[in-house]
Amino acid sequence: MSNITTTASGSVLTIAFNRPEKMNALTRDMYADLAQALNEAAGDFAIRAVLLTSTGDHFTAGNDIRDFMEHPPTTQDSTVAAFLGAILEFPKPLIAAVKGNAVGVGTTMLLHCDVVVADPGARFSMPFASLGLVPEAGSSLLFPALVGYQRAAKIFMTGESFSAVEAKEMGLVAEISTDSHGAAMAIATQIAAQPPTAIINTKALIKASKHDAVAAVMKAEFELFSLALTSDEAMEAFMNFMAKKAADKEKDGK
Ligand code: COA
């Protein structure tokens, strides 16, 4: 079974992160599959909205840390860059259903979605600096624009997480629902029934004022991110994560 599943239901395509045993941490292959699914949906006349969701109890724990260590994405032709490009350029409505943890890119990708529905227990975080990294996915521009400079700086610099209620108050999330998947699917289905060209043009207009600036910031972020990935600060943080997981396993006798 692939770690990214796609299911079409009428004119809504559901794309799900499907690696629950690793909290849906995203690998290089998963980014490639995500980029391909989005690009195909963009070109498929039968698909009018995409629902981004997850299997298991969490949205995603962000980039797979082992993958970061073993295969740091340092070139613009990496699969993560392909995914970020695909999400930035995706022309159709992108609806997300978030439950559990949404870490790193799990939160920053939401800045590109059109409607996000969160479970009341969802937790959001962007601990890039804590890992020796820098914000990505255009978040260094989009997040301060959404919540204000100081609030964004505090969240980026402390690595602290925030709740679904806070995310809604920020405008990162449109709705909170105990059935986040069902509520997000209902919104996707409602939008998919609208006149498709009007919807695509509406999205393009809403996004137009920031599109080029976000693309430029993403490039700059990527350069700094690539350098940071191989830095001592990042290596130490990654090793600490791996060591903690190994110690947890030993303690549990696994
Ligand atoms: N990369 C690789 N594996 C990850 C992962 C990640 N980003 N996040 C979680 N996992 C794995 C864990 O190693 C564990 O697998 P294992 O049992 O085989 O060791 C499994 O997913 C469950 O995670 P665990 O850490 O045991 O759950 P928890 O409830 O104790 O902690 C988090 C949850 C999200 C706080 C913790 O997993 C975490 O900090 N993950 C890293 C998040 C991160 O920094 N992402 C990168 C952002 S750029």
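Contact here means heavy atoms within 4.5 Å, and the views below are taken from a predicted model.

**View 1. Helix H1 against helix H3 in the predicted model.** The axes of H1 (residues 28-43) and H3 (residues 79-89) come within 8 Å and cross at roughly 30 degrees; because angles under 35 degrees count as roughly parallel, H1 is described as roughly parallel to H3. The crossing of H1 and H3 is left-handed.

**View 2. Ser78 in the loop between helices H2 and H3.** Ser78 is located in the loop that lies between H2 (65-70) and H3. With a relative accessible area of 10%, Ser78 is classed as buried, because that class takes in values under 20%. When its neighbours within four places in sequence are left aside, Ser78 is in contact with Pro73 and Phe222.

**View 3. The open sheet of strands E5, E7 and E8.** Three strands, in the order E5-E7-E8, form an open sheet whose pairing is mixed. Strand E5 (101-103) and strand E8 (162-163) stand at the edges, and each has a single partner strand, so one side of each is left without a neighbour in the sheet. Between E5 and E7 (residues 123-125) the pairing is in the parallel sense and runs over three bridges, and Ala102 stands opposite Phe124 in E7.

Technical notes: Residues are numbered from 1 along each chain as its sequence is written. This is a predicted model: local features need pLDDT of at least 70, side-chain atom pairs count only at pLDDT 80 or more; totals for chains, interfaces and linings use all residues. Side-chain values use heavy atoms; hydrogens and water are left out. Two strands pair if DSSP finds at least two bridges between them. Helices (H or I, at least four residues) and strands (E, at least two) are DSSP runs, numbered from the N terminus. Axes are lines fitted to C-alpha atoms, for helices over the stretch in contact, and angles run from 0 to 180 degrees between N-to-C directions. Angles under 35 degrees count as roughly parallel, over 145 as roughly antiparallel, 65 to 115 as roughly perpendicular and the rest as oblique. A crossing is left-handed if the near helix is turned anticlockwise from the far one by less than a right angle, and right-handed if clockwise. Buried means under 20% relative accessible area, exposed over 50%, partly exposed in between (1.4 Å probe, protein chains only).
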